[in-house]
Amino acid sequence: MERLTLEDRLGLVKFNVAAEAHLQIDKEKCRVCKERFCLHVCPVGNYTEDEADPGEIVLSWEGCMECGTCRLACPHDAIDWNYPVGAKGVCFRHG
Ligand code: SF4
Ligand code: SF4
């Protein structure tokens, strides 16, 4: 049986994307943040630095796995973290 890589497995996850972001970051806090743990802890790399302005954090919430790691890792309480509304968000497949 073929073994799937982590990337293969993540590629199988489906999303029912809501119209509004369920995660918000306080960009003023991010701009002066020295640790920037969010860039390293998100399992799907939703946090990146803006190439044109590395001081700016870009959050791609659409592919969020709703694991909550970023909220725990942020040392400045800069993330307003909520679950997506209604039946939106990540759809895990089991079995
Ligand atoms: S760790 Fe928190 S404060 Fe620092 S850049 Fe990431 S979200 Fe912003
Ligand atoms: S909740 Fe998890 S998957 Fe979503 S942005 Fe935070 S670390 Fe990434």
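Is glutamate 49 buried, exposed or partly exposed? Select it and have a look: glutamate 49 is partly exposed, with a relative accessible area of 38%. (Buried means under 20% relative accessible area, exposed means over 50%, and partly exposed is in between, using a 1.4 Å probe and protein chains only.)

Before we move on, some ground rules. This is a predicted model, where local features need pLDDT of at least 70 and side-chain atom pairs count only at pLDDT 80 or more, while totals for chains, interfaces and linings use all residues. Residues are numbered from 1 along each chain as its sequence is written, chains are lettered from A and ligands numbered from 1 in the order in which they are written, and side-chain values use heavy atoms, with hydrogens and water left out.

**Stop 1: glutamate 49 and arginine 36**

(A salt bridge is a side-chain nitrogen of Lys or Arg within 4 Å of a carboxyl oxygen of Asp or Glu.) The pair links distant parts of the chain, 13 residues apart: glutamate 49 is in strand β3, and arginine 36 is in the loop between α2 and α3 (38–41). (Helices, H or I with at least four residues, and strands, E with at least two, are DSSP runs numbered from the N terminus.)

Stay on arginine 36. Its relative accessible area is 10%, so this residue counts as buried. Now check its backbone: arginine 36 has a positive phi of about 55 degrees although it is not a glycine. For background, most residues other than glycine have a negative phi.

**Stop 2: the salt-bridge network**

How many salt bridges does a search of the whole structure find? It finds 4. Select glutamate 56 and lysine 27 next, which meet in one of them at 3.0 Å, N to O. Glutamate 56 sits in the loop between β3 (47–49) and β4 (57–59), and lysine 27 is in helix α2 (residues 27–32), 29 residues apart. Lysine 27 is partly exposed at 41% relative accessibility.

Then pick arginine 31 and aspartate 53: this salt bridge has its closest N and O atoms 2.8 Å apart. Arginine 31 is in helix α2 and aspartate 53 is in the loop between β3 and β4, 22 residues apart. Arginine 31 is partly exposed at 38%, and aspartate 53 is partly exposed at 29%. Show Lys27, Arg31, Asp53 and Glu56 together, and you have one network joined by salt bridges that share partners.

**Stop 3: around ligand 2**

Click on ligand 2. Of the 14 residues around this ligand, Cys42, Cys64, Cys67, Gly68 and Cys70 come nearest. (A residue is near a molecule if one of its heavy atoms lies within 4 Å of it.) The shell divides into 10 nonpolar, 3 polar and 1 charged. (Ala, Val, Leu, Ile, Met, Phe, Trp, Tyr, Cys and Pro count as nonpolar, Asp, Glu, Lys and Arg as charged, and the others, Gly among them, as polar.)

**Stop 4: glutamate 66**

Go to the loop between β4 and α4 (69–73), where you will find glutamate 66. Its phi is positive too, about 60 degrees, although glutamate 66 is not a glycine. Glutamate 66 is buried, at 18% relative accessibility.
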